[in-house]
Amino acid sequence: MKTDELREKYLSFFETKGHTRVASDVLVPTWDPSVLFTPAGMNQFKDHFLGKVKLDFTRATTCQKCMRTGDIDNVGRTPRHHTFFEMLGNFSFGDYFKDEAIHWAWEFLTDKKWLGLPPETLSVTVYKDDQQAADIWHEKIGVPTSRISYEEEDENFWPASAPSQGPDGVCGPCSEIYYTAPGREALEIWNLVFTQFNRVGDPPDNLRPLPSKNIDTGMGLERTAAALQDVETNFHIDILMPIVQAAAEVCGVKYEYHSENGRRLRRITDHVRACTFAVHENVYPGANKEKYVVKRLLRRAVLDGHQIGLRDPFLCKIVPTVVEMMAGTYPELKETTERVAGVIEKEEANFFATIDGGLNRIEQSFDEMRKENRTTVDGHVAADLYQTFGVPPELFESLAAEHNLAFDWDGYEQAMLEHGEASGKLTHTVMGSKGPIDSLKQVHHKTDFLGYDVTEASATVL
Ligand code: ATP
Ligand code: MG
Ligand code: MG
Ligand code: MG
């Protein structure tokens, strides 16, 4: 099944269940001060869940453009993570709850009229105290108990983190659905969140049942397409493989999945796609917040190209293929292709002009560290490199990790602050995030990658 067909099937399935089809919100929700990029389908419905807006409907379904900066370091290394991806979702605002959400998810996945996945390829997780969800899966749907696992708070309670630690506000347990193809690792494809509590203050009595219960689900479009198309990674699905191939062509190399260049080409694919959408929404590479993320993604991709051997702008040449693959759903991309490619080319040219100097300086600092038996990159050196050569500190950190060297983020922040004060203006803020979900700080948290994805972790960072 083609990805475009899957997207349409999902939305029409939930229309048959009385849902209103709502358009994707923008990728960069300037109306929402708590996030830099839309991290999930539910984001545009926050006020609906809180009962703050008058509802025209109580059931909605969407395909939402999302971006998760926290996943940057996973891209290319795990088979399933992108920065930019599309999330399918169905939502209930005080309407249906667990029973229907679980039944419909199962029907959509397994019914031959819809996706027709064999039931034995699917397994589920539930929150450890959510026996109700486990009972629905087992007794009503018939999932054997061997394929139902009970997970801790940090995995299966939303917003992420334990009920005792999470922010005040609506929250609830969730249930995730995994697909396992023969010989492959289990792949999380769909998360059903049962928004049933209002969290107020500290435990033990901080979870108050909401008067009206909600449903918020998120299914990864690319992951589910990968399952249906029986490919080993999201990057090999019909709408992404042509971009990977276009990247291979402009880089003048052959694409191979299990190779250093393969990882680089996947990262280039992801980052060009993400930046095409961001620049389309007028977020240009810059020094702060969203703009800095775009800059960082582009520079990371340029570095990949540089390591393949390129010395001139090449990302801009991949933009037309991105547009071709995505324009069926987002035809507006066609109107800005040239502008987007132009913005990307300019940023590439800027970085190519300084990258050799930056890399030399980095190598030199590694030599110095070896001689002095130091194992942590000096934050002041990194700040200097950012200001002189435009090398994002996260790139420096990645290169350092290749040499098993740590990175002194506190020192870096301090040095930037000193510079900002000295020049009278802070030119760059790594701390420039607006909220917990999509914060730039999370970019530095690698627990996700180090845990589940350790099979690919033997791959070097760049
Ligand atoms: P994972 O554990 O694999 O990182 P997650 O638990 O963080 O996924 P959720 O927050 O539950 O993901 O998001 C709902 C769904 O969106 C996931 O089940 C998955 O199908 C999809 N998804 C999440 N993050 C990504 C990503 N970085 N790239 C592609 N799809 C994603
Ligand atoms: Mg994740
Ligand atoms: Mg997960
Ligand atoms: Mg999940």
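Colleague: Among contacts between residues at least 6 apart in sequence, what share joins residues at least 24 apart?

Modeller: The share is 68% in this chain. Two residues are in contact here if their C-beta atoms, placed from the backbone, lie within 7 Å. Please note that this is a predicted model, in which local features need pLDDT of at least 70 and side-chain atom pairs count only at pLDDT 80 or more, while totals for chains, interfaces and linings use all residues. Residues are numbered from 1 along each chain as its sequence is written, and chains are lettered from A and ligands numbered from 1 in the order in which they are written.

Colleague: What is the average pLDDT of the chain?

Modeller: The average is 88, and 89% of the residues score at least 70. The pLDDT is the predictor's confidence in each residue, from 0 to 100.

Colleague: And where is the pLDDT below 50?

Modeller: That applies over residues 423-462, a stretch that has 72 contacts in the model beyond near neighbours in sequence. The model as a whole scores ipTM 0.99 and pTM 0.89.

Colleague: How many helices and strands are there?

Modeller: The chain has 15 helices and 11 strands. Helices (H or I, at least four residues) and strands (E, at least two) are DSSP runs, numbered from the N terminus.

Colleague: Into which domains is the chain divided?

Modeller: There is domain 1 (3-123 + 136-141 + 177-228) and there is domain 2 (240-437). These bounds come from an automatic or database domain assignment. Taken over C-alpha atoms, the domain centres are 30 Å apart.

Colleague: How many residues of each domain are in contact with the other?

Modeller: 21 residues of domain 1 are in contact with 22 residues of domain 2. On the domain 1 side, α1 (3-16) and β2 (59-67) each supply at least two residues. That side divides into 11 nonpolar, five polar and five charged residues. In this count Ala, Val, Leu, Ile, Met, Phe, Trp, Tyr, Cys and Pro are nonpolar, Asp, Glu, Lys and Arg are charged, and the others, Gly among them, are polar.

Colleague: How many residues does the largest nonpolar core have?

Modeller: The largest nonpolar core has 120 residues, and those with the most contacts inside it are Ala105, Ala247, Leu315, Ile344 and Phe396. Such a core is a set of buried Ala, Val, Leu, Ile, Met, Phe, Trp, Tyr and Cys residues joined through C-beta atoms within 7 Å. A residue is buried if 20 or more other C-beta atoms lie within 10 Å of its own, exposed if 12 or fewer, and partly exposed in between, with C-beta atoms placed from the backbone.

Colleague: Which residues does Leu315 touch?

Modeller: Not counting residues up to four places away in sequence, Leu315 touches Ile268, Val272, Leu298, Ala301, Val302, Ile344 and Glu348.

Colleague: Let us turn to helix α7. Which of its residues are buried?

Modeller: In α7 (residues 241-251), the buried residues are Ile243, Val244, Ala246, Ala247, Ala248, Val250 and Cys251. They pack against α8 (260-280), α9 (289-308) and α10 (319-326). After α7 comes Gly252, with a positive phi near 70 degrees.

Colleague: Is Val340 buried or exposed?

Modeller: Val340 counts as buried because it has 24 C-beta neighbours inside 10 Å. This residue is found in helix α11 (residues 337-372). Val340 touches Thr276, Val279, His280 and Val319, leaving aside residues up to four places away in sequence.

Colleague: And Asn373, buried or exposed?

Modeller: Asn373 counts as exposed, because it has 6 C-beta neighbours inside 10 Å. Asn373 lies in the loop between α11 and β10 (376-377), and its phi is positive, about 55 degrees, although it is not a glycine.

Colleague: Finally, the ligand. Which residues come nearest to ligand 1?

Modeller: Of the 17 residues around ligand 1, the nearest are Asp71, Phe85, Asn191, Gly218 and Gly220. A residue counts as near if its C-beta atom, placed from the backbone, lies within 6 Å of the molecule.

Colleague: Which element gives the most to that shell?

Modeller: β8 gives the most, with four residues. By class, the shell around ligand 1 has five nonpolar, five polar and seven charged residues.
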